[in-house]
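Have the sequence and the structure open as you read.

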Amino acid sequence: MSKLFTDTRGQLLIEALIALALAAILLPALFAGFFASKQGKAQQEQRIEAVALLKETEEVVRSVREKGWSLFSSNGTFHPAISGSSWSFSGGSESINGLTRSLAISDVFRDANGVIVTSGGTLDPSTKRVNIVISWNQPYASNVSSTIYVTRYLANT
């Protein structure tokens, strides 16, 4: 055999350098992935709770509408509140488990064809726009929102 294939001096050093280089490339990526997935899980938990709160707020709006149209007569920012054994609106926003909930009630305008328009048009006294926003700041600032249009219900005159 030739000396080329039997001399292994320095081979261990080369293998150790290659292993260190691979570790230096792969370990930071692995740690960044673990860190991101941990924060992503917390963000996803906040989002799940926020969506549940959003759906609850949509149902509260429908419940309040069924009680009487006069509760929608004032435009502004509100949050749901339990009044006795039923829901009502209180002014401003509220904080629940790190989430901020608010709903903004505003007028709706329609064009000559009855289509809702963002500017101009004629005031529709029987329709209100309700914009619901659930926001949070931890681990990342974010929000979920929903816009619904509410009309007079049955005998709500």
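Let's start with the rings: the protein has 3 aromatic pairs, where rings of Phe, Tyr and Trp (its six-membered ring) pair if their centres lie within 6.5 Å, and planes under 30 degrees apart count as stacked, over 60 as edge-to-face and the rest as tilted. Take Phe72 and Phe89: their ring centres sit 5.7 Å apart with the planes at 85°, so this pair is edge-to-face. Phe72 comes from the loop between H2 and strand E1 (76–83), while Phe89 belongs to strand E2 (residues 86–91), so the pair ties together parts that are 17 residues apart in sequence. Ring pairs also join up into a cluster made of Trp69, Phe72, Phe78 and Phe89.

A word on where this comes from. The model is predicted, so local features need pLDDT of at least 70 and side-chain atom pairs count only at pLDDT 80 or more, while totals for chains, interfaces and linings use all residues. Residues are numbered from 1 along each chain as its sequence is written, and side-chain values use heavy atoms, with hydrogens and water left out.

How exposed are the residues picked out in this report? Buried means under 20% relative accessible area, exposed over 50%, and partly exposed in between (1.4 Å probe, protein chains only).

| Residue | Relative accessible area | Class |
|---|---|---|
| Phe72 | 0% | buried |
| Phe89 | 16% | buried |
| Phe31 | 56% | exposed |
| Asn97 | 61% | exposed |

Stepping back, the protein has 2 helices and 7 strands, taken as DSSP runs numbered from the N terminus (helices are H or I with at least four residues, strands E with at least two). From the N terminus on, the order is α-α-β-β-β-β-β-β-β. Of the 157 residues, 25% count as buried. Among contacts (heavy atoms within 4.5 Å) with a separation of 6 or more, 55% are between residues 24 or more positions apart. The accessible surface is about 10,400 Å², with 59% of it belonging to carbon and sulfur atoms; these areas come from the Shrake-Rupley method with a 1.4 Å probe, and for residues only the protein chains shown count as cover.

Phe31 sits in helix H2 (residues 11–67).

Now the strands, which pair if DSSP finds at least two bridges between them. E4 and E6 run antiparallel, joined by 11 bridges, and Phe109 has Leu123 in E6 as its bridge partner. E6 also pairs with E7, again antiparallel, over 10 bridges. These two form a hairpin with 5 residues between them, and Trp136 stands opposite Ser142 in E7.

Two loops deserve a look at the backbone. Between strand E6 (122–136) and strand E7 (142–151) lies Pro139, joined to Gln138 by a cis peptide bond with omega about -5°. Asn97, in the loop between strand E3 (94–96) and strand E4 (99–110), has phi near 50°, a positive value in a residue other than glycine.
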